[in-house]
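Thanks for making time this morning.

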Amino acid sequence: MKQGFKVMDSDIHVQEPHDLWARYIEPQFKERAPQFTNIPDGSSPGVWRFEGKVFPAYIDRPERQRLAKVRRQKAHDRHEELGRQVGPEEERRGEDPQAMLHAMDVEGIDVSIVFRTRAAHVVAVDGLDAELTAAVCRAFNNWLADFCSTNRARLKPAALLPVHDVKLAGAEARRSVKELGAVALVLPNQQVNGRPWYDRYYDPLWAEAERLHVPVAFHGIQMAYQEHLGRRYLDNFAMAHAVGHPVEMMLALGSMLTGGVFERFPGLSAAFLEGNCSWVPWWLWCLDERVEKFGDDERFPLKMPPSEYFRRHCYVSVDPDEAVVRYAIEAMGDENIVISTDWPHDDSAYPRAIETFLQLDGVSEASKRKILWDNCARLYSIQ
């Protein structure tokens, strides 16, 4: 607990070990599995290679390498101010469940929902071999289940799905929930193979999540080889990150709300994580107004405005230092907001994330209690 508040992190992260797929992927896929490669010139701590591409996306381009150095330097300076360990090894602590539990103790976090990092990057390519993609996801989910087995009461796995093929995604959802104990199904916020999230192609997946009584959790990445807003700003990482997370998240949420997904699947819940939350009131107003004026009632028959589906089905995460959340709460209430620390990433507020949130002005103690525990426990069905 932190200052008398129970805390659940809706979105803490692992850092995949360099030999994850070498150890966990099925033998027939081993030669095509993602591989980690050190960069001798020091331009990067290292990269992943998979199916002829380098990850993070475009990191082999000079402008991306330059901005990666800028990011590392700024993180170094910020970490010194926070009293946080400095250097590339800090983020690799995410490979170790004991390090995660220690970080949770420092922050006062009781339970964390554990998400992928690089595993989402390597499958963010349109046209990937579906069977290979499914094998990559299975291997990651198996490793993550082993990681979380260190303390199953406090570490809850969120399964990565191979959404290039909806049948394979449904099968992995069932396996991950029933056999591995996953409490959420992780999806990217950008489109896969050019399909919007309301495309009927995905209906079997929404039906499976509904049957399993687990939420789908949308989470962005900084850059992708898929259709992704960050690709417009390869020379401006501040813009690439800003649009790759919040703005792509707006599009994912808008697609689900206006495309009738929650009307077709009234038992489905969805989380939209690590994309801030203070834009939500305006976006809901905008979607309500557009649907009223322009909505295709025959193709997308909605019985309620998008904002009402949001209130009944959706959750968004607040950043610990997102001071403007006070205005979002005033506009939309506090029942649909959870918190994410983003540990161990270099832009997280660790070791002062929860402390920072608790110091926000204009957010009542009752709202903080809901955001820190109650809403997240309801989202993930955790007592």
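The structure holds 15 aromatic pairs, where rings of Phe, Tyr and Trp (its six-membered ring) pair if their centres lie within 6.5 Å, with planes under 30 degrees apart counted as stacked, over 60 as edge-to-face and the rest as tilted. One of them is the tilted pair of tryptophan 143 and phenylalanine 147, at 5.4 Å centre to centre and 50° between the planes. Before I go on, please note that this is a predicted model, in which local features need pLDDT of at least 70 and side-chain atom pairs count only at pLDDT 80 or more, while totals for chains, interfaces and linings use all residues. Residues are numbered from 1 along each chain as its sequence is written, and side-chain values use heavy atoms, with hydrogens and water left out.

Both residues of that pair lie in helix α5, 4 residues apart, about one turn of the helix. Tryptophan 143 counts as buried at 5% relative accessibility, buried meaning under 20% relative accessible area with a 1.4 Å probe and protein chains only, and phenylalanine 147 is buried too, at 3%.

Turning to another pair, the ring centres of tryptophan 197 and phenylalanine 218 are 5.3 Å apart with their planes at 80°, so this pair is edge-to-face. Because tryptophan 197 lies in the loop between β7 (184–188) and α7 (203–212), and phenylalanine 218 in strand β8 (residues 216–219), the pair ties together parts that are 21 residues apart in sequence. Ring pairs also link Trp197 and Phe218 into a cluster with Tyr201, Tyr202, Trp206 and Phe272.

Notes:
Helix = DSSP H or I, 4+ residues; strand = E, 2+ residues; numbered from the N terminus. Buried < 20%, exposed > 50% of the residue type's maximum accessible area, 1.4 Å probe, protein only.
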